[in-house]
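This report concerns a single protein model. The sequence and structure are shown first.

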Amino acid sequence: MGNKLSGKDLIKLGFPKNNAINIALGQINRYRKREKKESILNEAKEVLLHPEKFKMHGTWGKVAEGLVNPVQVKFNQLKNTRAPFSIFGENEIDEQAKFQLYDALKLPVAVKGALMPDAHSGYGLPIGGVLATENAVIPYGVGVDIGCRMSLSIFDLPASFLKGKDHQLESILKDHTQFGMYETHKIKADHEVFYRNEFDTIPLLKKLKDKAYKQLGTSGGGNHFVEFGIVKLEQPLSEWKLEPKEYLAVLSHSGSRGLGANIAKHYTYLATKQCPLPKNVQHLAWLDLNTHDGQEYWLAMNLAGDYAKACHDDIHRRIAKALGKRVVVTIENHHNFAWKEMVDGNECIVHRKGATPAQKGVLGIIPGSMTAPGFIVMGKGNEASLDSASHGAGRLFSRAKCKANFTQSQIKKELAAQDVKLIGGNVDEAPMAYKDIHKVMALQSELVEVLGTFTPKIVRMDR
């Protein structure tokens, strides 16, 4: 008997001649190929005798599912009618984004949807799209950058602290933030997130743990940033113990780095295999939450969200330490994620792809651009928007159009006019690429209440 496990070995044990064998071989070759054949066969015997015990096992979970309750793969057609929906700021949104939402609303699992005033087209769900589904999660409804989020730290320092300290603050951003695909901090930090069970029990995550550890506290590229600016509090909450005036603050925007991207890629592939859809909507393939893969994605997605938060916490910790000051208030929120929430009396999976949670009393931060203010908000809990608001101003020009229409000198002129210093940044993220944040905020006054603003002053982005 050779040392490589084959389908014949599993059939000899008593495995049925069906897809469970293919799944088992796929999982073993991917995650267990260095182990002895004998020990794997002993485990396989146990799976065959007691499959229900292995339902959530990393390697054997899918095999156990195949033995007890195989996933039924059937081609899904879209329904002819759309689930109910609301659009906020309809005149500001491109037609393609609307049509993407309309397609998503025809999914057999769709319950309700909404489009935020910063919406524009994306993959699968549009950016600024919110979709509630019944017991199903759409990996592309969450997006590639799982747990992409905002985090604002307010210091009990007056805005005047910025005066004459440009070089010092620029140095802090250069020394204590890392941007780009490969840059990491020289001195690594540990975090409790790395001790989570999922990193041991989900084979994909086990492989990604080292990279996640190295990338902790880094920001990646694209529209991610870390910036010093001025917070103007108009209606501070009493628990903040801050007067209504202007303070120094740090705002960051980034997500779960390579960890989230790999999770998205892996489970999107599985979703497309289990849930074939017409070509124009294949990005909306979903995972049933009663399946092994659905459960596993849910755990992996939540871990990626917690990791994204850990990255922001590390960034803010480094900056506060370099400043030698203490953060007095932190306001933060995800805007690429899925949550279990009640929608019209039923528990649903609410996907927010580029949308801010805005349940009644929930705090969030909605950025503008590098030359426009962001807004500290409190949700009003509007059911029509599925308790959501925009995640920013939204793009007017795609990245390709930015390259065709704008120059570095135009950007420099705009930055100088607004007295903003930029470290890094490229034409893709030109301030002119974005919609007017004031107009966007006016279009969602029934979704959020504004408590204050954040005006960027020293901005750090990828080059």
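## Basis of the model

The model is predicted: local features need pLDDT of at least 70, side-chain atom pairs count only at pLDDT 80 or more, and totals for chains, interfaces and linings use all residues. Residues are numbered from 1 along each chain as its sequence is written, and side-chain values use heavy atoms, with hydrogens and water left out.

## Helix H11

Helix H11 comprises 32 residues, 292–323; helices (H or I, at least four residues) and strands (E, at least two) are DSSP runs numbered from the N terminus. From first to last C-alpha, H11 reaches 47 Å, close to the 46 Å expected at 1.5 Å a residue, where the expected span is 1.5 Å times one less than the number of residues. H11 is followed by Gly-324, which has a positive phi near 75°.

Of the 32 residues of H11, 23 are buried, so the helix is largely enclosed by the rest of the structure. Buried denotes under 20% relative accessible area, exposed over 50%, and partly exposed in between (1.4 Å probe, protein chains only).

## The second largest pocket

The second largest pocket has a volume of about 560 Å³. A pocket is an open set of points on a 1 Å grid over the protein atoms alone, with protein on both sides within 12 Å along at least five of seven lines; lining residues have an atom within 4 Å of a point. Grid points are joined across faces, edges and corners, and the volume is the space filled by probe spheres set on the points.

Of the 28 lining residues, Ile-23, Lys-62, Leu-270, Gln-274 and Asp-293 are the closest to the pocket centre. Helices H2 (19–31), H4 (61–68), H9 (203–215), H10 (257–274) and H11 each give two or more residues to the lining, and H2 supplies the largest share, eight residues. Twelve lining residues are nonpolar, ten polar and six charged (nonpolar: Ala, Val, Leu, Ile, Met, Phe, Trp, Tyr, Cys and Pro; charged: Asp, Glu, Lys and Arg; polar: the others, Gly among them).

## Annotated binding sites

UniProt, in an unreviewed entry, places a "binding site" at Asp-145 and His-224. These residues span 80 residues in sequence, yet no two of their C-alpha atoms are more than 11.0 Å apart, so they gather at one spot. Asp-145 is in the loop between helix H6 (139–142) and strand S5 (149–158), and counts as buried at 18% relative accessibility. UniProt annotations may be inferred rather than shown by experiment.

The UniProt annotation "binding site" (unreviewed entry) also covers His-253 and His-335. Although spread over 83 residues of sequence, they cluster in space, with a largest C-alpha distance of 10.2 Å. His-253 lies in strand S7 (residues 246–254) and is buried, with a relative accessible area of 6%.

Terms used: 1 Å grid on protein atoms, 1.4 Å probe; cavity = no way out; pocket = protein on both sides within 12 Å on 5 of 7 lines; lining within 4 Å.
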